[in-house]
Amino acid sequence: MPLGILLPLVICGIAGIAVLLHVLGRSKPASLVDEHAARAAWSDEFPDDPATTVVLSHDHRAALLQTRKGPGLVWPMGADTTARFLTDAKITQTTTGLRIDLPDYTAPHIDLRLDPDEARRWPALMEQSI
Amino acid sequence: MSDQITFPDVVSWAVPFFIAAILIELLWIVTKGRGGRYETRDALTSLILGAGNVASGLVLGFIAYGFFMALWAITPLDLGTYWWVIAVCFVLDDLRYYWVHRFGHRIRWVWASHVNHHSSQHYNLTTALRQTWTGTFTFMMVVRAPLILLGFHPAIVLFCGGLNLIYQFWIHTEAIGKMPRWFEAVMNTPSHHRVHHGRNPRYLDSNYAGVFIIWDKMFGTFVPELEADKPRYGLVHNLGTFNPMRVAFHEWVGIFRDVIQPGLTLRERLLYCIAPPGWSHDGSRDTSDTIKQKYVEKTPAARGSPGLPPAE
């Protein structure tokens, strides 16, 4: 196919599908219903390191977990979740919560939406690994 | 010897079909409320990776094509362009695909290129387009060498490869359950390929087929989709970014970081490149084999069932 046709087709196709998905409500981030869901999401990534305690964020979008190897975090990746240990994490306060920077090319930073009380308490809970 | 043969670039001609099929699948999911899931950023990442794959082909395609033409120049064989030659080439190229795909899951250097295709936690038609940008650097083009040396013109081989890729598009869906039994027995289907994308321990490293599932049955890598163990998609450790650059290059960065670690022997550095994904010099990580082993230790009843190690 000539590039003059292919290029606009690809650009319009990608943009059109993305806009359509957003309009159809497919941009909503995952929500952790309860502590059990947070544990399950963690265990899905780290089955050998079960969570001992779980703290859910007020909006159920993230969970801070403690394990024998140190604290970890579950957060939304679109409609799904992922998880990481907080080893060597750099924590910064933001106007909407916390920003976590990890030395991990596949999860370089996480923006957590937390209420002011959580934003004050969570860094202390995360400190164990820093 | 016929040097000036041209075949259409079927993949680029299939782009309108890809877009139409994605819209139809999405419409089906929205109206029926079943048959798969879509998420905006996940789909956008997949589509950008697909576009990047086409772009990388335009930029780097000359390397593989130059290699194939060099082989074509030295082979004394020329099978011509008869329809049956194309049909035989299609079947043999699918066998070639099976092995390249198997290497892609068992050799980290090749996995570094292929991993992005498995990096979505969704399984829909956009996932099919989540293709590599770095395929040229795996040097898997050498696996096509026998076909060209046997007398299949490079244009025919690439044409068949394009058809193979187009076939694999429609099997990336949850909207289709199972096909008729005879079809499931011979062809790769949505059910077989869902298994391949599953991150459940039993489904790791199975169903490498492109078009014909018979290769997996012949070489012992076939695992059926089980109702009791629905595939969960994505990687063993899912990514924490939708950035297409990070998705495309993350395993190469991982290899680089592992190889330059201080205190390793030359052999260990080499193994970080070519051993199965998850291999580590100190045994601190899991390969698919150890994941399966740990799973059956936790779930002894599953031992010996499809995709899992047998009883000791």
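How many bridges join strand E1 of chain A to strand E2 of chain A, and in which direction do the two strands run? The first legend below gives the answer; the model shown in every view is predicted.

**View 1. Strands E1 and E2 of chain A, joined as a hairpin.** Strand E1 covers residues 53–56 of chain A and strand E2 covers residues 63–67. The two are joined by 4 bridges and run antiparallel. A:Leu56 has A:Ala63 in E2(A) as its bridge partner, and A:Val54 stands opposite A:Leu65 of E2(A). Between the strands of this hairpin lie 6 residues. In the hairpin, A:His60 takes a positive phi near 60°.

**View 2. The open sheet of 4 strands in chain A.** The strand order is E1-E2-E3-E4, and the pairing is antiparallel. E1 and E4 of chain A each have a single partner strand and stand at the edges, so each has one side without a neighbour in the sheet. On average, with direction ignored, neighbouring strands are turned by 20° against each other. Helix H3 of chain A packs on this sheet, where H3(A) touches E1, E2 and strand E3 (70–77) of chain A. The direction of H3(A) makes about 25° with that of E2(A).

**View 3. The open sheet of 3 strands in chain A.** Here the order is E5-E6-E7, again with antiparallel pairing. Strand E5 (90–94) and strand E7 (109–113) of chain A are the edge strands, and each of them pairs on one side only. From one strand to the next, the twist averages 20°. Strand E6 of chain A, residues 97–101, is joined to E7(A) by 5 bridges, and these two strands run antiparallel. One of the residues of this pairing is A:Leu98, whose bridge partner in E7(A) is A:Leu112.

**View 4. Helix H3 of chain A on strands E5 and E6.** Helix H3 is made of residues 116–126 of chain A. H3(A) lies across E5 and E6 of chain A and runs at about 30° to E6(A). H3(A) also packs on the sheet of View 2, through E1, E2 and E3 of chain A.

**View 5. Chain A as the setting for the views above.** Chain A has 3 helices and 7 strands. Along the sequence, its elements follow the pattern α-α-β-β-β-β-β-β-β-α. For 130 residues the globule rule gives 14 Å, whereas the radius of gyration of chain A is 18 Å, well over that value, so chain A is more spread out than a compact globule. Along the principal axes, the C-alpha atoms of chain A fill a box of roughly 60 × 35 × 30 Å. Of the 130 residues of chain A, 33% count as buried. Among contacts in chain A with a separation of 6 or more, 42% are between residues 24 or more positions apart.

**View 6. The side of chain A that touches chain B.** Here 25 residues of chain A are in contact with 28 residues of chain B. On the chain A side, helix H1 (3–23) and strand E4 (80–85) each supply at least two residues. H1(A) gives 9 residues, the largest share of this side. By class, the residues of chain A that touch chain B divide into 15 nonpolar, 6 polar and 4 charged.

**View 7. Helices H12 and H13 of chain B, packed together.** Two packed helices are described by the angle between their axes and the distance between the axes. Helix H12 (residues 244–259) and helix H13 (residues 266–274) of chain B pack at an angle of about 170°, and their axes are 9 Å apart. An angle over 145 degrees counts as roughly antiparallel, so H12(B) is roughly antiparallel to H13(B). From H12(B), the residues B:Ile255, B:Asp258 and B:Val259 meet B:Arg269, B:Tyr272 and B:Cys273 of H13(B). This contact has 4 nonpolar, no polar and 2 charged residues.

**View 8. B:Phe17 in helix H2 of chain B.** Helix H2 of chain B spans residues 15–32, and B:Phe17 has its place there. Is B:Phe17 buried or exposed? B:Phe17 counts as exposed because it has 12 C-beta neighbours inside 10 Å, and a residue with 12 or fewer is exposed. In sequence, B:Phe17 and B:Ser120 are 103 residues apart. In space, the distance between B:Phe17 and B:Ser120 is 22 Å, C-alpha to C-alpha.

Methods:
Residues numbered from 1 in each chain as written. Chains lettered and ligands numbered in written order. Predicted model: local features only at pLDDT ≥ 70, side-chain atom pairs only at ≥ 80, totals over all residues. Axes fitted to C-alpha atoms, helices over the stretch in contact; angles between N-to-C directions. Parallel < 35°, antiparallel > 145°, perpendicular 65-115°, else oblique. Contact = placed C-beta atoms within 7 Å. Nonpolar A, V, L, I, M, F, W, Y, C, P; charged D, E, K, R; others polar. Rg over C-alpha atoms; globule rule 2.2 N^0.38 Å. Buried ≥ 20, exposed ≤ 12 C-beta atoms within 10 Å, placed from the backbone. Pairing = 2+ DSSP bridges.
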